[in-house]
Amino acid sequence: MVCVNLCITLPVWAQKIPYTFSHEAGPSPESSLLVLTNVNESASTFLRLYFKGTQLGDESYLILEGTDGARQELRKKDLENWSFSSAYFNGSTVKVSLFSAKGEKNTVFIDAIKVSDGKIETNRTVSQGRENLTNQSPNTNSSTIDYDLLPHAAAVGRFSNGNKSYGTGWIAANGAIVSAKRILYNLVVNGDYDIIEFNIPASANYGTVNHPGPEDQYPLSVNTIDISSITFDFKNKYHYDISKEEDYGQWTTSWGIVEALPNSTGLRPGERQQQYFQVARNPGSFTLESLETPVDIFHYGETTTDIIYGTQYRTLKRYEAKLLPSEEYLDFADGDRDDLVLYTNNEGDITLSDGDAGAPITYSGYNIAIGVHNDFLRWPPSVGTGFRSDDLLSTVDNFFSTVMVYVDQSSEWDASTGAIDKPYFEVWDGIEGAEINGIVNIVKGAYNEPMYITKAVTLVAPVGHVVIGESGLANARKATLPQEFFMKHEADDLSSSAEETENIFDLKNFPNPFTTSTEINYSLPEPSAVQVNVYDKSGTKIRSLRQEAQVSGVHSVMWDGNHDNGNQATPGLYVIRIETALKSTALKVIKK
């Protein structure tokens, strides 16, 4: 058996060293582009520049260029967001140029640079079997990310101080970055980790960090960090050594939330990535006793394969597990034990550092986060804070404003209240539910509804493009519906093209949501054989409402909320489909 011994500490700090450069120029009669200097530190694997004292005109800006083609433009507001520094550039040289706008005075200072300190590798020793390491199979629970199948994985980022990367953070529906307390407190508040990165390339061999382009790096606002933790204890006490009857007693799981500021593109992470995670309360122990629930944990923690192969260091990993009932494993917690999420590990063969802390715990295959990962423990279940914790849920909900309501038509929850875990389905409902001068947070998508705003509200779209109005395309809700629903014969009118999503039958129902029954109305432009069926959210047909030839004109049919076998359908999301020989259309309905 191969045995790998590790000595892991918090990642080393990068070095910020003095550097002196200045350029001062009065107002120019014409706009000009001037190369100012090439900053070079040959022994460093990256560079970051500091511009304390720099003053730029409103239209002037700095242009920074790295040797790998990376480019960053810094304007007056960008310098403020970046605390008068640049992004991280791979390599040892950065060219600095100035675009000086006509009639503007500019003063440029470079007072310091940040460089790597040479301590690139984590201290690792291998006690035996070194020659066999390359023959080991990768950890089967940490899989490669398929972004076509799991596009929401792009909403997961990592924190960095330039020299190292550590910890995981992810984008919530309001654009906030959710992570773990110890990551934000130890590394951001009390350390020099002040950015989060997305679209990250693999690191060089055995840990030398490669950064994405400046457009995928974002400065963090330390003043907005909100952190907390929950204390708990396992029933069997043991944590690291299964042979011990008594080990450590109380443990904690934690969470933290931070704001990522616009980078030099003028965008925040959610606006650029256009991906996010919905928030939902994790299922309780009673539910999990009879339900096998697979989950994904997307993280940037170091894994066994990082150590063995050394070439994919802290790239994004997908760890697959199953939820476990907390009451079976925990003696107590600070509140309800179901505030914690427990899930299977791989009996010690998980991660080898806690850089995975902060990862989203998501329903497998969905963009629905039910908790914040904290620890892959060696023998007991892995653990994180769940969104059944009112403290965590309300903090995410109100992170940017206490007068913000949420709209997300891809949500699957049947009791929409405007909270982040139960958003409204329609923009109009969000406007109606918002306070005067409140904020309506609209998740990406096309909202095919007329829009009449009758009171003062602010509309924000922090996680992607939003189209509102009757000309908008209907949203296919692909973010959350299972893949099996989108078989070819069902995708005809649930795709994103206007021709396929056009509601040619004027299909609608009332009431929606409904409690006992709903009337479905539609119009046939010509005589045709017609099928009207009801599907649940997994794509399974549960009720056939009509299957006959009909004349042209307006028709209606009732659904009493039951299955074909007479059993009552459970509350939730359903899809009504009308099909003819040539066309088909779908309509979402909610049963309360």
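Trainee: Which conventions apply to numbering and to the predicted model?
Mentor: Residues are numbered from 1 along each chain as its sequence is written, and side-chain values use heavy atoms, with hydrogens and water left out. The model is predicted, so local features need pLDDT of at least 70, side-chain atom pairs count only at pLDDT 80 or more, and totals for chains, interfaces and linings use all residues.

Trainee: In the open sheet of four strands, what is the strand order?
Mentor: Strands are DSSP runs of E with at least two residues, helices are runs of H or I with at least four, and both are numbered from the N terminus. Two strands pair if DSSP finds at least two bridges between them. In this open sheet the pairing is antiparallel, and the order is β3-β8-β5-β6.

Trainee: Which strands stand at the edges of that sheet?
Mentor: An edge strand here has a single partner strand, so one of its sides is left without a neighbour in the sheet. This applies to β3 (32-40) and β6 (71-74).

Trainee: Which residue in β8 stands opposite Leu 33?
Mentor: β3 and β8 (residues 93-100) run antiparallel and are joined by eight bridges. Opposite Leu 33 stands Phe 99.

Trainee: Is Glu 197 buried or exposed?
Mentor: Buried means under 20% relative accessible area, exposed over 50%, and partly exposed in between, with a 1.4 Å probe and protein chains only. Arg 158, the salt-bridge partner of Glu 197, has 0% relative accessibility and counts as buried. Glu 197 is likewise at 0% and therefore counts as buried.

Trainee: How many residues apart in sequence are the parts that Asp 421 and Arg 281 tie together?
Mentor: The two side chains meet in a salt bridge of 3.6 Å, N to O. Asp 421 is buried at 8% relative accessibility, whereas Arg 281 is partly exposed at 38%. Asp 421 lies in the loop between β26 (404-407) and α8 (427-433), and Arg 281 in the loop between β18 (278-279) and α4 (285-288), so the parts tied together are 140 residues apart.

Trainee: Why is β13 described as largely enclosed by the rest of the structure?
Mentor: β13 (165-171) is joined to β12 by five antiparallel bridges, and Gly 157 stands opposite Gly 169. β13 also pairs with β14 in the antiparallel sense over two bridges, with Ile 177 as the bridge partner of Ile 171. The strand is largely enclosed because its buried residues number seven of the seven.

Trainee: Which residue takes a positive phi in the hairpin of β13 and β14?
Mentor: In the hairpin of β12 and β13, with four residues between the strands, Gly 162 in the turn has a positive phi of about 95°. The hairpin of β13 and β14 has five residues between its strands, and a positive phi near 90° is taken there by Gly 175.

Trainee: What arc do the buried residues of α2 cover?
Mentor: In α2 (residues 181-189), the buried residues are Ile 183, Leu 184, Leu 187 and Val 188. They lie on the same side of α2, because around the axis they cover an arc of only 105°, taken from the directions from the helix axis to the C-beta atoms.

Trainee: Which residues touch the most other members of the largest nonpolar core?
Mentor: A nonpolar core is a set of buried Ala, Val, Leu, Ile, Met, Phe, Trp, Tyr and Cys residues joined through side-chain atoms within 4.5 Å. A second, separate core has 26 residues, including Leu 64 and Val 115. Of the 60 residues in the largest core, those touching the most other members are Phe 159, Trp 170, Ile 177, Ile 196, Phe 298, Phe 387 and Val 440.

How values were computed
Salt bridge = Lys/Arg side-chain N within 4 Å of Asp/Glu carboxyl O. Contact = heavy atoms within 4.5 Å.
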